[in-house]
Amino acid sequence: MAPKLTGFAGNARVRRVLASAALAGVELDYDKSFSMKSEWKTPEFLEKFPLGYLPTLEDGDLLLSESGAIAEYVASLGPNQTIAPSDPKEAAKVNQWKYFADQEIFIKHSIANGILAGRFAYSKPTFQGIYDLLLQRLDTLDKVLLSKTFLVGERITLADVFVVSALQNAFTGLVDKAARSKIPNVVRYFETVINHPKLAEIFDNGKPQLTETQATYQPPAKEQKAKEPKSEQPKAPKAPKAAKPKDDDDEPEPDVPAEPKVKNPLDDLPKSSFNLEEWKRQYSNLDTRTGAIPWFYEKFDHEGFSIWRVDFKYNEELTQTFMSSNQVGGFFNRLEASRKYLFGSVGVLGKSNDSIITGVLILRGQDVVPVVDVAPDWESYEYKKLDISNEEDKKFFEAALAWDLVVDGKEWVDGKNFK
Ligand SMILES: N[C@@H](CCC(=O)N[C@@H](CS)C(=O)NCC(=O)O)C(=O)O
């Protein structure tokens, strides 16, 4: 009986197994119509495959998870052994590229894609850091491929199967046309391998739909939809629409039930005499130091509201100051659902490649978390309660409101208000 492979046909991990089998000349019992949405994670499945994920392979008493191990096992069964050289040095070279494919392309792409698709908390610098590393690896691969058709020796091997499956995942995911144009040798290599007569069918007949333009992060729908209270302030221009990033499993995610409408516990706090909306108007209309700040001190309710210093945690990763300013703008956009409870004045201080993001928040209640955790990247910032009866805190607070704050010699160059 042919070994039984289970997994979703469009998935890159399944593809690597199918490609190994096709090149080795091994027949598999494989149901192409399998869907991740079917009830596959049953107690019986977990009993057999305790790792609990797909693809899986069943061959007699061998029950195997991990697509790399499955691909290697399948390759070892076939008559064509040139894809897995037996010479230890050649085999080691093939292994090198298998690890490279998984750890340097597949995993980096999966994590960056997961951040953009909202599976992990969004933080622009984290996303960018991982994505840049992925591009660096692809650039290195491009140099290696300058003088090569295949990665090891003169014939196709498992090294190519692993690397090309990972590339397909990246090229149909985040690595868009502009990024691909910088790695022409990788693209040529990719096209050569996916058009191999034994592989073309597995790789969408040699014509996979590669990404044109990278998708951008889209905050969860509940934040986008949050209603803005009527305000006299001009509305911020809407961000251009962007494609939703596709999730890494290549198959549409199961429908998520709509979240029930829950009352915000901040609405249950005792009534406050301080009117946050009125403060926002005063701040917008009056001179900050001579008008708005005196108004604030007269009206502020220390019980019902609190004042916080906010600092970006990853200042060392900031580059151009205008990009840091966009970062603040993005954070504020993602705080939209807390507009009723929050005012902010946050700036970029310093110069390009030597800047920090810091500022102040005025918020409902005495705890920062329920107000800011509507932004998926809230944990990229540090929060410290300010006590304005303390001279140093008061000075910081006023300077952040007036946009003339200086920290460690770094001067305020750009600021944004959350109103
Ligand atoms: N390292 C594993 C990863 C397997 C994996 O993450 N499989 C996904 C599908 S692509 C899965 O089964 N996800 C569902 C789950 O984990 O419940 C491999 O290469 O096989």
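Which residue is the bridge partner of serine 306 in E7? I found leucine 363 in that position.

**Basis of the entries**

I worked on a predicted model, in which local features need pLDDT of at least 70 and side-chain atom pairs count only at pLDDT 80 or more, while totals for chains, interfaces and linings use all residues. I numbered residues from 1 along each chain as its sequence is written. My helices (H or I, at least four residues) and strands (E, at least two) are DSSP runs, numbered from the N terminus. I took two strands as paired if DSSP finds at least two bridges between them.

**Entry 1: the six-stranded sheet**

I traced an open sheet with antiparallel pairing and the order E8-E5-E7-E6-E10-E9. Its edge strands are E8 (381-385) and E9, each of which pairs on one side only.

I then followed E5 (residues 305-312) against E7 (residues 354-364); the two run antiparallel and are joined by seven bridges. Within E7, threonine 358 stands opposite aspartate 311. Helix H14 packs on this sheet, where I noted that it touches E5, E6 (342-351) and E7. For contact I required C-beta atoms, placed from the backbone, within 7 Å. The direction of H14 makes about 100° with that of E7; such angles run from 0 to 180 degrees between N-to-C directions, with axes as lines fitted to C-alpha atoms, for helices over the stretch in contact.

E6 and E7 pair in the antiparallel sense over ten bridges, and glycine 344 stands opposite leucine 361 in E7. Two residues lie between the strands of this hairpin, and there I recorded asparagine 353 with a positive phi near 65°.

Is E7 mostly covered or mostly uncovered? I found it mostly covered, with nine of its eleven residues buried. A residue is buried if 20 or more other C-beta atoms, placed from the backbone, lie within 10 Å of its own, exposed if 12 or fewer, and partly exposed in between.

**Entry 2: the four-stranded sheet**

I read the order of a second open sheet as E2-E1-E3-E4, with mixed pairing. E2 (29-30) and E4 (62-65) stand at the edges with a single partner strand each, so one side of each is left without a neighbour in the sheet. E1 (residues 4-6) and E3 (residues 56-59) run antiparallel, joined by three bridges; I noted threonine 56 in E3 as the bridge partner of threonine 6.

I also looked at the loop between H2 (43-48) and E3, which holds proline 55. The peptide bond from leucine 54 to proline 55 is cis, with omega near 0°.

**Entry 3: H1 against H6**

The axes of H1 (residues 12-24) and H6 (residues 158-171) come within 9 Å and cross at roughly 150°.

**Entry 4: positive phi in loops**

Asparagine 205, in the loop between H8 (184-194) and H9 (221-225), has a positive phi of about 55°. I count asparagine 205 as exposed because it has 10 C-beta neighbours inside 10 Å.

Tryptophan 403, in the loop between H14 (391-402) and E9 (406-407), has a positive phi near 60°. I count tryptophan 403 as partly exposed because it has 16 C-beta neighbours inside 10 Å.

Conventions
Contact = placed C-beta atoms within 7 Å.
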